Amino acid sequence: MSVITQPTDLLRQQDPQMADVLAGEARRQAGTLQLIAAENFTSPAVLTALGSALANKYAEGYPGARHHGGCEYADLAERIAVERARALFGVDHANVQPHSGSSAVLAAYAALLRPGDTVLAMGLPYGGHLTHGSPANFSGRWFEFVGYGVDAETGLIDYEQVHELARRHRPKAIVCGSICYPRHPEYGVFRQIADEVGAFLIADAAHPIGLVAGGAAPSPVPYADVICATTHKVLRGPRGGMVLCGAEFAERVDRAVFPFTQGGAQMHTIAAKAVAFGEAAGPAFTTYAHRVVANARALAEELEADGFLVTTGGTDTHLISVDPAPLGLDGPTARGLLAAAGIVLDTCALPYGEQRGLRLGTAAVTTQGMGGAEMRRIGALFVNALHGEAAKTRTEVEELTREFPPYGY
Ligand SMILES: Cc1ncc(COP(=O)(O)O)c(C=O)c1O
């Protein structure tokens with residue numbers, strides 16, 4: 001338990017400089033409001049697995065077929081993680097080795113595509129991830145991406161446009177998934193469009209996968225050929241990725257992860273993923289996942305009442321995207337004012353125009369035990385911070401976070 005709150009005495013003796021850094025980060029996390037939609041507080045059990053003996057183990061390959069000796073416990077850990085993921089998501093096959101969400105997307109592309117293939121995905125100006133065709137990323141260099149958008153008025157995915165672009169460009173794959181879309185993708189509609197043009201459907205469920213695990217969001221599993229996800233967002237596991245698919249794609253996916261895009265698996269992280277999947281299978285996680293959404297809805301309503309423009313008019317997920325323009329601010333300026341008051345969040349693309357808005361998520365604060373009353377308090381803190389009352393708001397943020405310490409102590 002001391003792993004996160006206080007670096008151990010041993011580390012402090014050996015490397016006081018780094019012990020200070022770790023203690024500072026633990027204080028920062030506990031003493032400010034974590035509203036980054038991609039972050040959460042993992043359990044002490046997950047942190048224990050991350051700091052376990054498996055951190056020392058090399059295990060290239062898959063259970064029962066490793067390139068290194070001494071893998072009996074590594075194999076057990078990976079088999080447990082795979083079985084738990086399969087049961088949690090009701091899927092034939094799970095590959096739990098991707099080092100990150102981006103590695104999982106890379107593996108999905110490697111499994112299904114050839115360099116030069118056309119891929120239809122949400123355009124980056126509307127909330128597509130870097131791996132959905134950014135020219136700065138492997139995806140944009142190796143594939144021909146076509147971007148779909150959202151309706152400028154409603155902020156909702158324009159399925160007619162997706163359909164029209166699919167018919168025009170005949171992509172090899174369609175990707176559904178975003179970094180800031182606060183509504184559920186219509187997986188059935190994406191499937192129909194993909195079938196009509198003979199494309200694979202890849203769901204990049206990095207954000208909603210934790211809600212799917214807790215039964216608080218629809219699952220892409222019945223619709224997508226391959227699903228890539230992160231394990232560290234709402235799902236509350238260690239930083240990492242995974243790929244889920246039906247039996248027909250299992251071999252292609254496994255070969256795409258190792259040896260095509262990765263070497264040795266990170267066995268300590270895989271053990272921690274297994275711990276997180278075990279936690280996510282319990283009733284407490286279901287309650288948590290539904291509370292995450294209820295909190296997001298409550299906070300979105302609060303921010304709307306405070307004058308923010310809430311894109312899509314609300315949220316179905318953990319994620320809220322707002323435009324502070326009616327308050328006379330742009331996203332980056334608002335983020336700076338909030339940061340000065342101890343409120344940590346990101347800017348994000350907005351459905352229209354060049355200006356950036358703010359992206360918030362309620363997973364971390366829900367893990368801390370906050371509920372509807374606290375969402376109203378957070379709404380008030382936003383208003384005060386944006387009126388330039390940094391010091392006073394900072395004190396109130398500290399009071400709130402003291403009431404809800406992330407690790408309960
Ligand atoms: C939709 C989507 N895909 C992929 C990723 C990449 O995950 P990572 O940062 O672990 O590489 C993210 C991360 O936020 C994401 O939101």
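Analyst: A point of wording comes first: the bounds of a domain come from an automatic or database domain assignment. Note too that this is a predicted model.

User: Which domains does that assignment give, and how far apart are the centres of domain 1 and domain 2?

Analyst: The assignment divides the chain into domain 1 (50–280) and domain 2 (283–403). Taken over C-alpha atoms, the centres of domain 1 and domain 2 are 27 Å apart.

User: What makes residues of domain 1 and domain 2 count as being in contact?

Analyst: Contact requires heavy atoms within 4.5 Å. By that rule, 28 residues of domain 1 touch 25 residues of domain 2. The area buried between domain 1 and domain 2 is about 2100 Å², and carbon and sulfur atoms give 60% of this area. On the side of domain 1, Pro-182, Arg-183 and Arg-236 lose the most area to domain 2, together 29% of what that side buries.

User: How many salt bridges does the rule find across the interface of domain 1 and domain 2?

Analyst: The rule finds one salt bridge across the interface of domain 1 and domain 2.

User: Why is the pair of Asp-316 and Arg-183 called a salt bridge?

Analyst: The N to O distance between the side chains of Asp-316 and Arg-183 is 2.9 Å. A salt bridge needs a side-chain nitrogen of Lys or Arg within 4 Å of a carboxyl oxygen of Asp or Glu, so the pair of Asp-316 and Arg-183 qualifies.

User: How many residue pairs are in polar contact between domain 1 and domain 2, and which elements of domain 1 give two or more residues to that side?

Analyst: There are 11 residue pairs in polar contact between domain 1 and domain 2. The elements giving two or more residues to the side of domain 1 that touches domain 2 are α10 (209–213) and α12 (267–280). Of the elements on that side, α10 gives the most, with three residues. By class, the side of domain 1 that touches domain 2 has 16 nonpolar, eight polar and four charged residues.

User: How many salt bridges are found in the whole structure?

Analyst: The search of the whole structure finds 18 salt bridges. One of them joins Glu-78 and Arg-66, with the closest N and O atoms 2.8 Å apart. This pair links distant parts of the chain, with Glu-78 in helix α5 (residues 72–89) and Arg-66 in strand β3 (residues 65–66), 12 residues apart. Arg-66 and Glu-78 also belong to a network of salt bridges that takes in Asp-75.

User: Are Glu-78 and Arg-66 buried or exposed, and why?

Analyst: The cut-off for buried is a relative accessible area under 20%. Glu-78 has 2%, so Glu-78 is buried. Arg-66 has 15%, so Arg-66 is buried as well.

User: Why is Glu-83 called partly exposed?

Analyst: Glu-83 has 43% relative accessibility, so Glu-83 counts as partly exposed. Glu-83 forms a salt bridge with Arg-86, the closest N and O atoms being 3.0 Å apart. Both lie in helix α5, three residues apart, about one turn of the helix. Arg-86, at 29%, is partly exposed too.

User: What makes Glu-396 and Lys-392 a salt bridge, and where do they lie?

Analyst: The closest N and O atoms of Glu-396 and Lys-392 are 3.4 Å apart, and the limit is 4 Å, so the pair qualifies. Glu-396 and Lys-392 both lie in helix α17 (residues 390–403), four residues apart, about one turn of the helix. With relative accessible areas of 24% for Glu-396 and 45% for Lys-392, each counts as partly exposed.

User: What is noted about the backbone at Arg-236, and where does Arg-236 lie?

Analyst: Arg-236 has a positive phi of about 70° although it is not a glycine. Arg-236 lies in the loop between β9 (226–230) and β10 (241–245). At 16% relative accessibility, Arg-236 is under the 20% cut-off and therefore counts as buried.

User: Which peptide bond is cis, and what is its omega?

Analyst: The bond from Phe-258 to Pro-259 is cis, with omega near 15°. Pro-259 lies in helix α11 (residues 247–261).

Note on methods:
Residues are numbered from 1 along each chain as its sequence is written. This is a predicted model: local features need pLDDT of at least 70, side-chain atom pairs count only at pLDDT 80 or more; totals for chains, interfaces and linings use all residues. Side-chain values use heavy atoms; hydrogens and water are left out. Buried means under 20% relative accessible area, exposed over 50%, partly exposed in between (1.4 Å probe, protein chains only). Buried area is the accessible area (1.4 Å probe) that two parts lose on being put together, summed over both. A polar contact is a pair of N or O atoms within 3.5 Å; within protein, one must be able to donate a hydrogen and the other to accept it, and residues adjacent in sequence count only if both atoms are side-chain atoms. Ala, Val, Leu, Ile, Met, Phe, Trp, Tyr, Cys and Pro count as nonpolar, Asp, Glu, Lys and Arg as charged, and the others, Gly among them, as polar.
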